[in-house]
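Subject: Structure handover

Hi,

Here is the structure we talked about. Please load it before reading on; my notes follow below.

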Amino acid sequence: MGRIANIGFKAAYTCMTGAVLFWGTVSCRGPVELGAAFWETGDIAGNPGNTGEEGGAGEPVIRKTRYITGVEYPEGYNWLPDLGYSAEGAVLFLMRENERILELPIGYDSCISADADMHRCMDGHLYTDFSTDQETVVKKDGAEKFRFFGREMIVSLAERPEGIYTLGQPRSGTGWVYRLNGEIILYKGVGRILHGLHMDGDVLCFSYRDMIETSEGTENRYYIVRDGIPCSIPSTDDITLIEDAVSMDMETHYIARMQGIKGRVIFSGPDATALEMPSGATDISGCSFIMEEGRLFVFGTVYGGSGTGYGNSFWDGTSYMCSAGAEYKIYGYCIDDGQCYFVSRRPYDGSTVRIYRDGNAQSVAPAYDFIYGTAMGAHMGDCCVALSDANKGNRPMLWINDDLETFDFNGAFTSITYW
């Protein structure tokens, strides 16, 4: 089965020789190995997971390993005002648990960016993309895999046995391009991607909206792509918008706005069910699917309601789960074993960050900030959130189940994933 990842957010620095890590202003000129010989195994991930207690039917429970990406800048450099700027001497790194296992020098010559939208961890490997003046360069663990003419922003990436698939958008202009190892499979000059690369069994899928200009205005058409073949999503005339669409069990599932119906409706094959409207709610919008272990969850915004209202909310299928409240905005979220985890705060600078897990919301210290929406994750009940401490020069921290661990480098963690 392929390895899937959507894009994340922003990026860090250090060097080592052998297995000794130097924290300072040492200059890096290439990928730096930070641990036992992963080049010998060909797999940075190494151990795919730790075997925990016995699960049901005598099967072991496999605990995944936490991977963290980040960017470290030279001491004294103020990175926060120019988030994602590729300062000289900065390094992009990958951690397995709390150990750095890979570092890559950031810069034009190395084709590595500090922008966290341009790197992601998948299956314990670090994938990067970079746009030169004329080309797009894709790397894995610092080694170039391919490059192609044209400046694209990679919005979704998946590796399969036959190579690396990418979904990209032109950095100037409209539309999208679907490629395998840099070679074009499909492209559209207009329209937008609805849902990025995801697996349905052994089939790689994504969805998009096409836009056709007519004498009466713009007409939307929607498609699900399976194994490189676009299939039209059938819809009736009373559907005015499809917000998201995915393939699961070889059926198309999509979220639609319909005439005469408040909120949103989920279509699963021939069946349609409205999302549950909480008491007092007046509408739902901005919905997207979250796919987790063969189940579909929904993230969207609920309007109306008594008191503080609902705001950003979650559904299990079509059943309403929870909300951040109308005064708060969710900046990062995930689903683990059917449970919601998210980070929220009031949408203005200086507001207090709240972390929601296991049905409870906890506020952290006012000086702690949450910078990157992808820098949080959960697995088997453990929740990990990357924060920065404004009182200590925005030094990075990891909040893990109420415990704080601080790190003494100038930079930030950019993503947290489990593999």
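A residue counts as exposed when its relative accessible area is over 50%, as buried when under 20%, and as partly exposed in between. Keep in mind that this is a predicted model.

Start with Glu 293. Its relative accessible area is 66%, so Glu 293 is exposed. Glu 293 sits in the loop that links strand E26 (281-292) to strand E27 (295-304). Its C-alpha is 8.9 Å from that of Asp 336. In sequence, Glu 293 and Asp 336 are 43 residues apart.

Asp 358 is not a glycine, yet its phi is positive, about 55°. Asp 358 belongs to the loop between strand E32 (354-357) and strand E33 (360-363). Its relative accessibility is 40%, so Asp 358 is partly exposed.

Asp 402 also has a positive phi, about 80°, and is not a glycine. You will find Asp 402 in the loop between strand E37 (395-400) and strand E38 (403-406). Asp 402 counts as partly exposed because its relative accessibility is 41%.

Last, a sheet. It is open, has 4 strands and runs in the order E22-E23-E24-E25, with antiparallel pairing. Strand E22 (239-248) and strand E25 (271-274) are the edges, each pairing on one side only. From one strand to the next, the twist averages 20°. E22 and strand E23 (residues 251-258) run antiparallel and are joined by 8 bridges. Asp 244 has Ile 255, in E23, as its bridge partner.

Best wishes

Methods:
Residues numbered from 1 in each chain as written. Predicted model: local features only at pLDDT ≥ 70, side-chain atom pairs only at ≥ 80, totals over all residues. Heavy atoms only, no water. Helix = DSSP H or I, 4+ residues; strand = E, 2+ residues; numbered from the N terminus. Buried < 20%, exposed > 50% of the residue type's maximum accessible area, 1.4 Å probe, protein only. Pairing = 2+ DSSP bridges. Axes fitted to C-alpha atoms, helices over the stretch in contact; angles between N-to-C directions.
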